[in-house]
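Let's take a walk through this model together, starting with a pair of packed helices and moving on to charged pairs and a loop. Keep the viewer open as you read.

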Amino acid sequence: MENLRALLAKIKILFLDVDGTLTDGKLYYGNNGEEIKSFHTQDGLGIVAWQKLGGKVAVISGRKAESVLYRCKELGIPEIHLGISNKAEVAKDLITRLNIQPCECACIGDDLNDLPLFELCAISFTPANADTILLDRANIRLTRNGGEGCVREAINMILDSQNLQGRMLEYFKK
């Protein structure tokens with residue numbers, strides 16, 4: 001576990017899948033065909049805190065949805081990539097553009113199209129209800145399901161390894 005903690009301490013960017021990670025993975029449609037998604041507020045607060053403390057976030061999703069774009073903008077996420085078939089290609093571009101090393105990257109994903117990110121990043125997380133193939137290949141299996149605070153759980157682990165939990169608490173006391 002100590003080696004894992006050392007890897008977590010180096011993380012500068014977190015690549016996030018959406019469906020099954022930031023959401024419960026279910027697709028809800030309104031009467032007019034509009035897609036409706038549910039996001040957990042604890043994930044949102046964790047993302048905001050991570051960014052305020054200097055961390056970077058990039059959302060890379062295979063699907064396009066206006067609700068995802070809206071939520072990401074609401075959270076101040078600058079890198080929003082939707083409708084992506086090759087997530088690793090986008091992540092590699094971001095690594096180069098942001099001058100970050102793969103050893104400083106973590107990702108959270110729940111299904112097969114996230115595996116290329118797992119191979120690219122130093123740390124890979126899965127929600128508790130991820131596909132079994134990803135559960136077997138992830139560095140860290142989270143205890144929370146997708147859409148139920150798993151992103152916050154991962155961010156808390158990273159912040160703890162970087163001794164930033166106290167700074168996060170101070171930020172929100174203001």
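Helix 2 (residues 41-52) packs against helix 7 at an angle of about 35°, and their axes are 7 Å apart. Axes here are lines fitted to C-alpha atoms, for helices over the stretch in contact, with angles running from 0 to 180 degrees between N-to-C directions. Helices (H or I, at least four residues) and strands (E, at least two) are DSSP runs, numbered from the N terminus. Bear in mind that this is a predicted model, where local features need pLDDT of at least 70 and side-chain atom pairs count only at pLDDT 80 or more, while totals for chains, interfaces and linings use all residues. Residues are numbered from 1 along each chain as its sequence is written, and side-chain values use heavy atoms, with hydrogens and water left out.

The crossing of helix 2 with helix 7 is left-handed, the label used if the near helix is turned anticlockwise from the far one by less than a right angle (clockwise would be right-handed). Who does the touching? On the helix 2 side, Gln42, Asp43, Leu45, Gly46, Ile47 and Trp50 make the contact, and on the helix 7 side Cys150, Val151, Arg152, Ile155, Ile158 and Leu159. Contact means heavy atoms within 4.5 Å. Sorted by class, that contact between helix 2 and helix 7 has eight nonpolar, two polar and two charged residues. For the classes, Ala, Val, Leu, Ile, Met, Phe, Trp, Tyr, Cys and Pro count as nonpolar, Asp, Glu, Lys and Arg as charged, and the others, Gly among them, as polar.

Stay with helix 7 for a moment. From first C-alpha to last, its 12 residues reach 17 Å, close to the 16 Å expected at 1.5 Å a residue; the expected span is 1.5 Å times one less than the number of residues. Nine of the 12 residues of helix 7 are buried, so the helix is largely enclosed by the rest of the structure. Buried means under 20% relative accessible area, exposed over 50%, and partly exposed in between (1.4 Å probe, protein chains only). Among the buried ones are Glu153, Ala154 and Ser161. After helix 7 comes Asn163, with a positive phi near 55°.

Now for the charges. Across the whole structure, a search finds 12 salt bridges, each being a side-chain nitrogen of Lys or Arg within 4 Å of a carboxyl oxygen of Asp or Glu. One of them pairs Asp160 with Arg5, with the closest N and O atoms 3.0 Å apart. Asp160 sits in helix 7 (residues 150-161) and Arg5 in helix 1 (residues 2-9), so this pair ties together parts 155 residues apart in sequence. Asp160 is partly exposed at 38%, and Arg5 is partly exposed at 30%.

Arg71 and Glu74 form another salt bridge, at 2.6 Å from N to O. These two are three residues apart in helix 3 (residues 66-74), about one helical turn. Arg71 counts as buried at 15% relative accessibility, whereas Glu74 is partly exposed at 47%.

Finally, look at Cys103, in the loop between helix 4 (87-97) and strand 6 (105-108). Cys103 is partly exposed, at 40% relative accessibility. Its C-alpha lies 7.1 Å from that of Lys10, 93 residues away along the chain. Setting aside neighbours within four places in sequence, Cys103 contacts Lys10, Ile11 and Ala122.
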